[in-house]
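Hi everyone, thanks for coming. Let me put a structure on the screen, and then I'll walk you through it.

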Amino acid sequence: MNKIVIVGANHAGTAAANTLMANYKDAKVTIFDANSNISFLGCGMALWIGEQIQGAEGKI
């Protein structure tokens with residue numbers, strides 16, 4: 001299993017997470033950010049709506 005760390009959960013960070021989770025189903029993706037929730041720009045919403053995360057807290 002690949003372990004991937006992303007620093008920053010704004011647009012680029014959540015887009016990277018979305019791409020990684022779509023292409024590497026067995027990877028464990030961890031995101032660190034100064035805020036307590038993920039960005040809910042277009043890519044953050046895609047993660048939630050696509051049920052890749054459970055909500056604004058970013059829990060998988």
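What you see is a predicted model, in which local features need pLDDT of at least 70 and side-chain atom pairs count only at pLDDT 80 or more, while totals for chains, interfaces and linings use all residues. Residues are numbered from 1 along each chain as its sequence is written, and side-chain values use heavy atoms, with hydrogens and water left out.

So, confidence. pLDDT is the predictor's confidence in each residue, from 0 to 100. The protein has a mean pLDDT of 78, with 70% of its residues reaching 70 or more. Confidence is highest in strand β1, residues 3-7, at a mean of 94, and lowest in helix α2, residues 42-49, at 66.

Now the fold. Helices (H or I, at least four residues) and strands (E, at least two) are DSSP runs, numbered from the N terminus. There are two of each, two helices and two strands, and from the N terminus on they run β-α-β-α. A contact means heavy atoms within 4.5 Å. Among the contacts with a separation of 6 or more, 55% are between residues 24 or more positions apart.

Two pairs show this kind of sequence separation. A22 lies in helix α1. For A9 and A34, 25 residues apart along the chain, the C-alpha separation is 8.5 Å.

Next, what is inside? I call a residue buried under 20% relative accessible area, exposed over 50%, and partly exposed in between, using a 1.4 Å probe and protein chains only. Of the 60 residues, 27% count as buried. One of the buried residues is A9, at a relative accessible area of 3%, and its place is in the loop between β1 and α1. A22, by contrast, is partly exposed at 41%.

A nonpolar core is a set of buried Ala, Val, Leu, Ile, Met, Phe, Trp, Tyr and Cys residues joined through side-chain atoms within 4.5 Å. The largest one here has five residues: I6, A17, L20, M21 and V29. Helix α1, residues 11-23, gives the largest share of this core, three residues.

Finally, the outside. The accessible surface comes to about 4100 Å², and 55% of that belongs to carbon and sulfur atoms. V5, V7 and F32 form a nonpolar surface patch, with about 340 Å² of accessible area together. V7 lies in strand β1 and is exposed, at a relative accessible area of 74%. F32 is found in strand β2, residues 28-32, and is partly exposed at 49%.

Which residues does F32 touch, not counting residues up to four places away in sequence? They are V5, I6, V7, G8 and A9. F32 and V7 are 25 residues apart in sequence, yet 4.9 Å apart in space, C-alpha to C-alpha.

How values were computed
Accessible areas come from the Shrake-Rupley method with a 1.4 Å probe; for residues, only the protein chains shown count as cover. Patches are made of residues with over 30% relative accessible area and no salt bridge: like charges are joined within 9 Å, nonpolar side chains (Val, Leu, Ile, Met, Phe, Trp, Tyr) within 5 Å. A salt bridge is a side-chain nitrogen of Lys or Arg within 4 Å of a carboxyl oxygen of Asp or Glu.
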